[in-house]
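Visitor: I would like a close look at a single part of this model and at what surrounds it. Please keep the explanation plain.

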Amino acid sequence: MTRVRLRLGYADPPYVNCAHLYRGQPDYAGEVDHAALVRHLDATYDGWVLHAAATPASIATLAPLVMDTGARWMVWVKGFAAFRRNVPVAYAWEPVIIKAARRPVVSRRQVMRDWILESITMRRGLTGAKPEAVCHWAFELLGARPDDALDDLYPGTGAVTRAWESWRRKFVLPQLSLSPPKCHPDDPPLDMLMPEDL
């Protein structure tokens, strides 16, 4: 059976009204045109991920843009989050909008929920760098396979690309023996022993 290699997009841009936080970066380009970004994601990729802020402005901006794409709103809950001066209730969750490329596969790698609990990263050199576990969760919900192509549209610290490589390594299969396996009458059929998602 031939596997189809899909193209996946991963966008973790400066959030709505937050581009000023990245003014010192060499690739700083001001506020992101989120309408153009969503159009690009949907026209270019088989499946995609878009990180966003949990602010009213962000949700109001993005909700109509993704309404007809078939994407689903997921949630990253931050077990440990930064508290801001004069903000008495911490922003401790973020929307993660995901349009699956194919039906996600239930496996032992990940509990498949529309939310994940993971603390923020610290000292990554850039505000908002995503934890590896959040990226792995997003790849699973995308229905990604290790031979798919992933484009990291906002590479920043390179955290998403590194997470993609570490996630792909989970799929390395052991070397097969050249001698046929010994079968016993009570053994399950061999196709039951092969991973469904590879």
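What does D42 count as at 28% relative accessibility?

Guide: D42 counts as partly exposed, at 28% relative accessibility. The scale behind that label calls a residue buried under 20% relative accessible area, exposed over 50%, and partly exposed in between, using a 1.4 Å probe and protein chains only. This is a predicted model, in which local features need pLDDT of at least 70 and side-chain atom pairs count only at pLDDT 80 or more, while totals for chains, interfaces and linings use all residues. Residues are numbered from 1 along each chain as its sequence is written, and side-chain values use heavy atoms, with hydrogens and water left out.

D42 lies in helix α1, which covers residues 34-44. Helices (H or I, at least four residues) and strands (E, at least two) are DSSP runs numbered from the N terminus. At the start of α1, a side-chain oxygen of D33 comes to within 3.2 Å of the backbone nitrogen of A35. This is a polar contact, that is, a pair of N or O atoms within 3.5 Å; within protein, one must be able to donate a hydrogen and the other to accept it, and residues adjacent in sequence count only if both atoms are side-chain atoms.

The buried residues of α1 are H34, L37, V38 and L41. Seen down the helix axis, they fall within an arc of 95 degrees, so they line one face of α1. The arc is taken from the directions that run from the helix axis to the C-beta atoms. On the face of α1 turned away from the buried side sit the exposed residues R39 and A43. The cover over the buried residues includes β1 (7-11), β2 (47-51) and α2 (56-66).

D42 also has a charged partner. K99 forms a salt bridge with D42, and their closest N and O atoms are 2.9 Å apart. K99 lies in strand β4 (residues 93-99) and D42 in α1, so the pair ties together parts that are 57 residues apart in sequence. A salt bridge here means a side-chain nitrogen of Lys or Arg within 4 Å of a carboxyl oxygen of Asp or Glu. The structure holds seven of them.

Leaving out residues up to four places away in sequence, K99 touches D42, G47, W48, T69, A71 and L142; contact means heavy atoms within 4.5 Å. A polar atom of the K99 side chain lies 3.2 Å from the backbone oxygen of T69. The C-alpha atoms of K99 and G9 are separated by 9.7 Å, although the two residues are 90 places apart along the chain.

Five of the five residues of β2 are buried, so β2 is largely enclosed by the rest of the structure. Both of its faces are covered, with G47, V49 and H51 on one side and W48 and L50 on the other.

A nonpolar core is a set of buried Ala, Val, Leu, Ile, Met, Phe, Trp, Tyr and Cys residues joined through side-chain atoms within 4.5 Å. The largest such core has 24 residues, and L8, Y10, I98, W137 and F139 have the most contacts inside it. Two or more residues each come from β1, β3, β4, α3 and α4 (159-169). The most, seven, come from α3. Apart from this core lies another, of 13 residues, among them A11, L37, W48 and I97. L37 is also one of the buried residues of α1, the helix that holds D42.
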